[in-house]
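The structure comes first, and the points follow by topic.

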Amino acid sequence: MNPRIITLCLALAMFSPLTAAEPKKDAWPNKSHANVLLDIVLEASAREVDRHGARPTILSRCMAIPMTAMYDAWAAYDEKAVGSMFGGSLRRPAREHTLQSKIVAMNYAVYRTLVYVYPKEAGYIDEQFRKLGVKLTDTSTDVTTPQGIGNKVAEAIIAYRRHDGANQHGDETGSNGQPYSDYTFYKPVNPVDKIIDPDRWQPIPFDDGKGGKIVLGFLTPHWYRVKTFALKSSDQFRPGPQPFVGNDQLLKETQECIDFNAKLTPRQKAIVEFMRDGPRSTGQSGHWLRFAQMVSKRDKNDLDRDVKLYFVVANVAFDAFIASWETKRYYDSSRPWTLVRYYFKGKEIQGWGGPDKGTVKMKGDNWLPYSPSTFITPPFPGYVSGHSTVSGACAKALELFTGSDYFGEVEVRNCCVLTESPGEEVKLDLPTFTATADMAGISRVMGGYHIQADNIEGLKLGRKVSEYTWPIYKTYFDGTFKKQ
């Protein structure tokens, strides 16, 4: 089989969106209704990013909830599958197991949960679901009707997740009252302008795009307390510690970041941008759900298989984020931004000089990742890489779900990058899910966001998450799931 070929169009642009192609309806005549609903979820997520900025942990939860609701509503009309909230107790008689019943139940379940997680996007969401025939005021929970099944499932999932540790309502004791705010009293060891401990995370000043500066705190440092979906606990697979200052490995890996940064080829820049997702990013959850859609199109999935596929990928990503953030919070490790300044303070190095400047000589104090000045490095500790963890997890989940590591040919559109080579075409060969995850991981090292230890251990952690949870998902599908 031919390897998957991705063509990336390079153009001079400041952090333009770079995303996997959304399958077009006219090119996908048998697109299942699960994909229609997923498209709405992803667009609502993108609008939420436009409103609040990239918040990958939050986005992962906001996608997992409606995808779980979609699955639970569908399961009521399946011969064997059981839901996450009610098991098989909502199962309808076989004569009602029609495509239309499944679609109606799924519509109501996804609508209710999507409005719950994205209340500020209600205008868009309402419009989309009216087009699908949803009566927005029909809140019946009569389980003899599809809409009642959908509403009942949504009601239960919302109640279960209302106080799951994410602090969506900003009402956890110790929080500042803002949605998703920290209630665990995290404080960084290092201030913005001084390195007290080079092994610990340091906030970074960004350009605010208006001539000033802005400093972002640790994004959701409480995420290790969020209820997992299939993992036993957030620390179940926590890796051992990262290399510390004084260890030759750390200096070597910091130098590797500098070397990548100074010599990035157009292909490497394309990789960094493709995996970074752009300013309207739906995070790694959204990126891998798009990949899952490509698998659906490739395999000509029907609705039943798509519902299962998106349920798995969304929740694997959700659990992987929780596991990654638990490790980040536990070790509170620094990123290359701090390490380069620590090791090479006052020393001359080669580095990326910014758009149109290419590689230049600079002091270590002035080193920058290959990234816009308005988003220099994600605002949370480095070890382990969230990109690597979630990509490792989702890639393994797709391999386990499909029974093969082969990915296939996929088109990519709208992929401009921050480059000095406008118009140059780059081709990336991604023959397998594993290769795609590996590319996501190394992109973070090449971009200057992570050292190799962050990447390697993140990939391992993500794969462990999927290998452990896949047997659990199979019990949902064959009806043997038992709550622990």
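Asp 332 sits in the loop between α9 and α10 (336-343); helices here are DSSP runs of H or I with at least four residues, strands are runs of E with at least two, and both are numbered from the N terminus. The phi of Asp 332 is near 50°, a positive value in a residue other than glycine. Asp 332 is buried, with a relative accessible area of 2%; buried means under 20% relative accessible area, exposed over 50% and partly exposed in between, using a 1.4 Å probe and protein chains only.

The model is predicted, so local features need pLDDT of at least 70 and side-chain atom pairs count only at pLDDT 80 or more, while totals for chains, interfaces and linings use all residues. Residues are numbered from 1 along each chain as its sequence is written, and side-chain values use heavy atoms, with hydrogens and water left out.

**Backbone exceptions**

- Most residues other than glycine have a negative phi, and most peptide bonds are trans.
- Tyr 180 has a positive phi near 65° and is not a glycine.
- Tyr 180 is placed in the loop between α5 and β3, and counts as buried because its relative accessibility is 8%.
- The peptide bond from Tyr 383 to Val 384 is cis, with omega near 5°.
- Val 384 belongs to the loop between β6 (359-363) and α11.

**Helices**

- Helix α13 covers residues 452-478, 27 residues in total. From its first C-alpha to its last it reaches 40 Å, close to the 39 Å expected at 1.5 Å a residue; the expected span is 1.5 Å times one less than the number of residues.
- At Thr 469, α13 has a kink of about 35°, shortly before the proline Pro 471. The bend at a residue is the angle between axes fitted to the seven residues ending there and the seven starting there.
- In helix α4 (residues 122-131), the buried residues are Tyr 124, Ile 125, Asp 126, Gln 128 and Phe 129.
- The cover over the buried residues of α4 includes α1 (33-52) and α3 (99-117), where contact means heavy atoms within 4.5 Å.
- Gly 133 follows α4 and has a positive phi, near 90°.

**Largest pocket**

- The largest pocket has a volume of about 1,000 Å³. On a 1 Å grid over the protein atoms alone, a cavity is a set of points where a 1.4 Å probe fits but cannot get out, while a pocket is an open set with protein on both sides within 12 Å along at least five of seven lines. Grid points are joined across faces, edges and corners, and a volume is the space filled by probe spheres set on the points.
- Its lining has 50 residues, of which Gly 53, Ala 54, Arg 55, Leu 216 and Phe 375 lie nearest the centre; lining residues have an atom within 4 Å of a point.
- Two or more lining residues come from each of α1, α2 (56-75), β3 (205-207), α8, α9 (303-331) and α11 (386-402). The most come from α1, with 4 residues.
- By class, this lining has 21 nonpolar, 18 polar and 11 charged residues. Ala, Val, Leu, Ile, Met, Phe, Trp, Tyr, Cys and Pro count as nonpolar, Asp, Glu, Lys and Arg as charged, and the others, Gly among them, as polar.

**Second largest pocket and Thr 228**

- The second largest pocket holds about 590 Å³ of space.
- Of its 24 lining residues, Thr 228, Phe 229, Ala 230, Tyr 476 and Phe 481 lie nearest its centre.
- The elements giving two or more residues to this lining are α2, α5 (146-161), α9 and α13, and α13 has the largest share, 5 residues.
- The lining divides into 14 nonpolar, 6 polar and 4 charged residues.
- Thr 228 is in the loop between β4 (213-215) and α6 (248-262), and is buried at 13% relative accessibility.
- Not counting residues up to four places away in sequence, Thr 228 touches Arg 161, Ser 233, Ser 234, Asp 319 and Ile 322.
- Thr 228 and Phe 318 are 90 residues apart in sequence and 7.6 Å apart in space, C-alpha to C-alpha.

**Gly 283**

- Gly 283 is found in helix α8 (residues 283-299) and counts as buried at 7% relative accessibility.
- Beyond its neighbours within four places in sequence, Gly 283 is in contact with Leu 59 and Asp 277.
- Between Gly 283 and Pro 56 there are 5.0 Å in space, C-alpha to C-alpha, although the two are 227 residues apart in sequence.
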